[in-house]
Amino acid sequence: MMQTTLCRKGEAVEGGRELIDAWRTDDTAWLWIDLHDEPKEVEHGLLVDELHFDELAVKEAQRPRHPPGFAPYSDYLYLLLKPLTAESENLEFDTLQLAVFAAPRLLVTRHSKPSRYLSRLHNKLRTDGCANTSPMKLMAAIARRVTNRYGKILLDLEQRLDTIEDTLFQARTDRLMQELVGYNTALRKMRRILTYHTDAFLSLRDHLDGEPTEDWHVEFDDIHALMERFHSLADLYQSVISDLIEAYISLNGHRLNQIMKVLTIVTVIFVPLTLLVGIYGMNFENIPELKSQHGYFVLLGTMVTIAVLLLAWFRKVRWL
């Protein structure tokens, strides 16, 4: 699907390919072409043959998976992003691939899945007009939106980690442990994506620093700083999660050692008692103590004495 919006004299007009010809004949207008679910051959013909974008950049944008990145060209900028899908509200997230080609009078966005945010931008242009909007302003808005979505998930995670930290060591099941392991895996994936975004925004910021046009360097410097902060937060939260996992494993190991110590003490106490019971349970006629009038009570007293002495010794060496 191709959605085309022509901004002319502060008004936004939506249509199809006919707006491309209208844009070419009007030097005061700028055009936004939004591509989704178009055949690759059609996209290639439009982007490479008609709009003369770099063929390698277009092929990169059409790949199902490719790391985010930035590349400047003589008359346009190319930015590849990985925004979160609309359904991604936590670390069980999914991404889409969004390529942005921005020129002074042209903006092309190409995404692999539907984007609610881009649809809202189209509606905003249609209702409010585009007098105060430009291709660079839209690209900056898209980049900030991508950054803020990742930040929201990370800030929500901070509250959840505080709750887990307070209850983890009282938990009687491994449910929280499984949750932490899932978070750790998801954060590793998110950190990788945020690293690519941070590098891409840094390159874009540095490129705009030498441009004599509007001060977009400041805007993308702020976006880069925000993305860098969220990358640091992801790194910090992964360290916290790793510490919680290690502490939980250590505590469980300590609990297991305590249980094994008790079982060992019980076993040590009952070994000599079992030996005495086994001896006097043998069916032989010539066991002298069998004829003793008080032999039963003597044996029980001996067994109790052995148990008490062992318990006293265990307490002395601080095993109990």
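Two strands count as paired if DSSP finds at least two bridges between them, and the strands and helices themselves are DSSP runs numbered from the N terminus (E, at least two residues, for strands; H or I, at least four, for helices). With that in hand, strand β1 (residues 2-8) pairs with β2 in the antiparallel sense over five bridges.

A quick note on what you're looking at: this is a predicted model, where local features need pLDDT of at least 70, side-chain atom pairs count only at pLDDT 80 or more, and totals for chains, interfaces and linings use all residues. Residues are numbered from 1 along each chain as its sequence is written, and side-chain values use heavy atoms, with hydrogens and water left out.

**The sheet**

T5 sits opposite E14 in β2. Two residues lie between β1 and β2, and K9 takes a positive phi near 55° there.

**Helix pairs**

For the numbers below, axes are lines fitted to C-alpha atoms (for helices, over the stretch in contact), and angles run from 0 to 180 degrees between N-to-C directions.

| Helix pair | Axis angle | Axis distance |
|---|---|---|
| α7 (residues 216-280) and α8 (residues 295-316) | about 160° | 10 Å |
| α4 (residues 116-128) and α5 | roughly 145° | within 11 Å |
| α2 (residues 40-50) and α3 | roughly 145° | within 10 Å |

Take α7 and α8: their angle makes them roughly antiparallel to each other, a label used for angles over 145 degrees. Their crossing is right-handed, meaning the near helix is turned clockwise from the far one by less than a right angle. The α7 side of the contact includes I265, V268 and Y280, while the α8 side includes L299, M303 and F314. By class, this contact has 15 nonpolar residues, one polar and no charged (Ala, Val, Leu, Ile, Met, Phe, Trp, Tyr, Cys and Pro count as nonpolar, Asp, Glu, Lys and Arg as charged, and the others, Gly among them, as polar).

The crossing of α4 and α5 is right-handed too. Here Y117, L118, R120, L121 and L125 of α4 meet L138, A141, I142 and R145 of α5. That contact splits into seven nonpolar, no polar and two charged residues.

Then there's α2 with α3, another right-handed crossing. K40, E43, H44, L47 and V48 of α2 make the contact with E55, V58 and Q62 of α3. The classes come out as three nonpolar, two polar and three charged.

**Salt bridges**

Side chains of opposite charge can pair when their charged atoms come close. Counting a salt bridge as a side-chain nitrogen of Lys or Arg within 4 Å of a carboxyl oxygen of Asp or Glu, the total comes to 17. One of these salt bridges joins K59 and E55, at 3.8 Å from N to O. K59 and E55 are four residues apart in helix α3 (residues 55-62), which means they are separated by about one helical turn.

Methods:
Angles under 35 degrees count as roughly parallel, over 145 as roughly antiparallel, 65 to 115 as roughly perpendicular and the rest as oblique. Contact means heavy atoms within 4.5 Å.
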